[in-house]
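Reader: I have the sequence and the structure open. Walk me through how to read them.

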Amino acid sequence: MSLDHKLFNGKTLAILSGGGDTPAINSSIEAVRNRASILGYKVYGIRQGWKGLLGDGQVVNLSCQPYNGLYGGTALNSSRTNPFSSKTGEDRVQQILRNLERYKIDVLVTIGGDDTNGAAKKLYETQGIPVIGFPKTIDNDLRTRTMHNYGGKEIEAVVCPGFPTAARTVARLTGMLRTTTESHNRVMVMEVMGRDAGWLTATAAHGGADMILVPECPMTKERQEYFYERVKELYMRNPKRCLVIAVAEGVRWYDENTGKTDVVYASSETDEYGHARLGGISGVIAHEVSKRLGLDARAQISGYYARAGECREYDRRLTATLGDKVVDLLLREDYGQMPVLNKVACYNELEEFNTSSIDMGSIGNIPLSENYYDSNMFHVTDAYRDFLNHIMEPMHFMKFDYDFPVVLPK
Ligand code: F6P
């Protein structure tokens, strides 16, 4: 079979994926590849994010190749390579420009979060490279100006490809932990990715978490005291004497040894965008709960499970819908833009007319809104539950409420 599409009209579009993977990147690549092909573009893939445009380049042809968008992760691989990193001393921008010229790439579609798309926008602004961004992150913290209408109130929200699938995984893992937690009358502290944002951890509500801690509310000394009280109260109130707590990896925790309230790092090394690796807060909290309250507490890090596995239905359709908007941007040659949802939509409303595009330069991060988190209850609000109901199907966990009669010795 010829590698050139029958409608190929001489333009070449290349796709790259950068940053942490999600279950929906292949679906995004497939959506963009298919639509761009129909428009007559030859479609290339750049391997390993921006890294694939350095040196001699790592470019593959995606035109007329079988592609499985249901398969999670990214078949183009990913990296946290920053074209503007000052760490290396090399002129990466010149290498990128040279490779775009060598491979005759006319348009670049960058699937990524704030880092990848921020770099793309800078290349567009400073070098005139035609770029279109495509949102991606399980952290769901890109400011896409997507509005959620809850009871007549407009709340600023986000629905990033990858997040709905990750949300379901987190909810499912939370629900699964219940049985082992019950069996041992324990407090289980489950840690969830998400960096500085609590969007993903808050989805544990859908899996029945009893308490949820998000980075938006630092656990200061005073707040910790209140937290212990609440743990004890909820634990004792539960007839099965157990508690499942979801904690975001980015929660800042008061350390009585240092007197500081800070995040727990898994490693102090930073990537090329300046991010250190977070991890370990669940262990700290479980230890403190045992020490302070005398309860048997354990830590469980859900970690990369949130990013793993197949792309689910909502994300499939979301990536297709945003792919439709890419067509619009390509036809209008409207570069430096990223397609987004206008409003939080349920599956049936995922349509191109519910999308628009935003300037890639003004993306930025958005924390979990106060409308979605009740800091007194250490839990999500009804508004957040409504948000989740739009993007996730209800979850069913088996129930077993027992109260066996006690047998006394004869
Ligand atoms: O940004 C996505 C994310 O999964 C974060 O939630 C997490 O902190 C980070 O990436 C982990 O990155 P890495 O794959 O480099 O360990």
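Author: Start with a pair of charged side chains. Arg 143 and Glu 156 meet in a salt bridge, 3.0 Å from N to O. The term covers a side-chain nitrogen of Lys or Arg within 4 Å of a carboxyl oxygen of Asp or Glu. Arg 143 sits in the loop between β5 (131-135) and β6 (146-150), and Glu 156 in strand β7 (residues 153-157), so the pair ties together parts that are 13 residues apart in sequence.

Reader: What kind of model is this, and how are residues counted?

Author: This is a predicted model, in which local features need pLDDT of at least 70 and side-chain atom pairs count only at pLDDT 80 or more, while totals for chains, interfaces and linings use all residues. Residues are numbered from 1 along each chain as its sequence is written, and side-chain values use heavy atoms, with hydrogens and water left out.

Reader: And the names for strands and helices?

Author: They are DSSP runs, numbered from the N terminus: helices are H or I with at least four residues, strands are E with at least two.

Reader: How many salt bridges does the structure hold?

Author: It holds 29. One of them joins Asp 21 and Arg 307, with the closest N and O atoms 2.8 Å apart. That pair links distant parts of the chain, 286 residues apart. Asp 21 is in the loop between β1 (11-17) and α1 (25-38), and Arg 307 in the loop between β15 (297-301) and α7 (313-332). Arg 307 is buried, at 17%, whereas Asp 21 is partly exposed, at 24%.

Reader: Which helices does the bridge between Arg 292 and Glu 225 link?

Author: First the distance: the closest N and O atoms of Arg 292 and Glu 225 are 2.8 Å apart. Arg 292 lies in helix α6 (residues 281-293) and Glu 225 in helix α5 (residues 221-237), 67 residues apart. Both are partly exposed: Arg 292 at 35%, Glu 225 at 36%. Salt bridges can also share partners, as in the network that joins Arg 168, Arg 312, Glu 313 and Glu 393.

Reader: Now a sheet. In what order do the strands run?

Author: Two strands pair if DSSP finds at least two bridges between them. Here four strands form an open sheet, in the order β9-β10-β8-β15, with parallel pairing. β9 (211-213) and β15 stand at the edges with a single partner strand each, so one side of each is left without a neighbour in the sheet. From one strand to the next, the twist averages 20 degrees. Strand β8 (residues 187-192) pairs with β15 over five bridges. Val 189 stands opposite Ala 299 in β15.

Reader: Which helices lie across this sheet?

Author: Axes are lines fitted to C-alpha atoms, for helices over the stretch in contact (heavy atoms within 4.5 Å). Angles between N-to-C directions run from 0 to 180 degrees. Helix α4 (residues 163-183) lies across β8, β10 (243-248) and β15, at about 160 degrees to β8. α6 lies across β8, β9, β10 and β15, at about 175 degrees to β15.

Reader: How do I read the two faces of a strand?

Author: In a regular strand the side chains alternate between the two faces of the sheet. Take β2 (residues 41-46). Six of its six residues are buried, so β2 is largely enclosed by the rest of the structure. Tyr 41, Val 43 and Gly 45 are on one side, with Lys 42, Tyr 44 and Ile 46 on the other. β2 pairs with β1 in the parallel sense over five bridges, and Tyr 41 is the bridge partner of Lys 11.

Reader: Which residues are around the ligand?

Author: Count a residue if one of its heavy atoms lies within 4 Å. Among them are Arg 80, Asp 139, Gly 194, Glu 249, Tyr 304 and Arg 307. Then look for polar contacts, here pairs of N or O atoms within 3.5 Å. A polar side-chain atom of Tyr 304 is 2.4 Å from a ligand oxygen. For the side chain of Arg 80, the N or O atom is 2.8 Å from a ligand oxygen. Gly 194 uses a backbone N or O atom, 3.0 Å from an oxygen of the ligand.

How values were computed. Buried < 20%, exposed > 50% of the residue type's maximum accessible area, 1.4 Å probe, protein only. Polar contact = N/O pair within 3.5 Å; in protein donor to acceptor, adjacent residues only side chain to side chain.
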